[in-house]
Amino acid sequence: QVQLVESGGGLVQAGGSLRLTCEASGYIFKLRTMGWYRQAPGKQRELVGSITPADETNYAEAVKGRFTISRDNVKNTMYLQMNNLKFEDTAVYYCRIHGSAYWGQGTQVTVSS
């Protein structure tokens, strides 16, 4: 069955960096657009960015220039490199097969100010 497993979250000071990983299994990873989402306390889940099978990316305005999404189709893995983290980036981060009901369980990112 389809599985998405995020890892790499943690506590970091403002201005720091983290790299999140989403390991996928149970489907043909290289054929699907993938997305990173986040949900902060008391807020709706929002799209952080996405990456197509051709490695085309797009990002939410709030993270442009700071976050980078990449993928490794051999390892069936997607990454989210987060630099210059801000307090407002604090959230649970999820990966998703774009347009599907398949989500990972999420990984907590906490940025201290």
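In what order do the elements of the protein chain run from the N terminus on? A few notes on this one.

1. The order is β-β-β-β-β-β-β-β-β-β, which comes to 0 helices and 10 strands. Both are DSSP runs: helices are H or I of at least four residues, strands E of at least two. The radius of gyration (over C-alpha atoms) is 13 Å, close to the 13 Å from the globule rule for 113 residues, so the chain is as compact as a globular protein of that length. That rule is 2.2 Å times the number of residues to the power 0.38.

2. Keep in mind that this is a predicted model, where local features need pLDDT of at least 70, side-chain atom pairs count only at pLDDT 80 or more, and totals for chains, interfaces and linings use all residues. Residues are numbered from 1 along each chain as its sequence is written, and side-chain values use heavy atoms, with hydrogens and water left out.

3. Along the principal axes, the C-alpha atoms fill a box of roughly 40 × 25 × 20 Å. Of the 113 residues, 42% count as buried (under 20% relative accessible area, 1.4 Å probe, protein chains only).

4. Take the contacts (heavy atoms within 4.5 Å) between residues at least 6 apart in sequence: 52% of them join residues at least 24 apart.

5. As for the surface, the protein chain exposes about 6000 Å², with 48% of it supplied by carbon and sulfur atoms. Areas come from the Shrake-Rupley method with a 1.4 Å probe.

Technical notes
Buried < 20%, exposed > 50% of the residue type's maximum accessible area, 1.4 Å probe, protein only.
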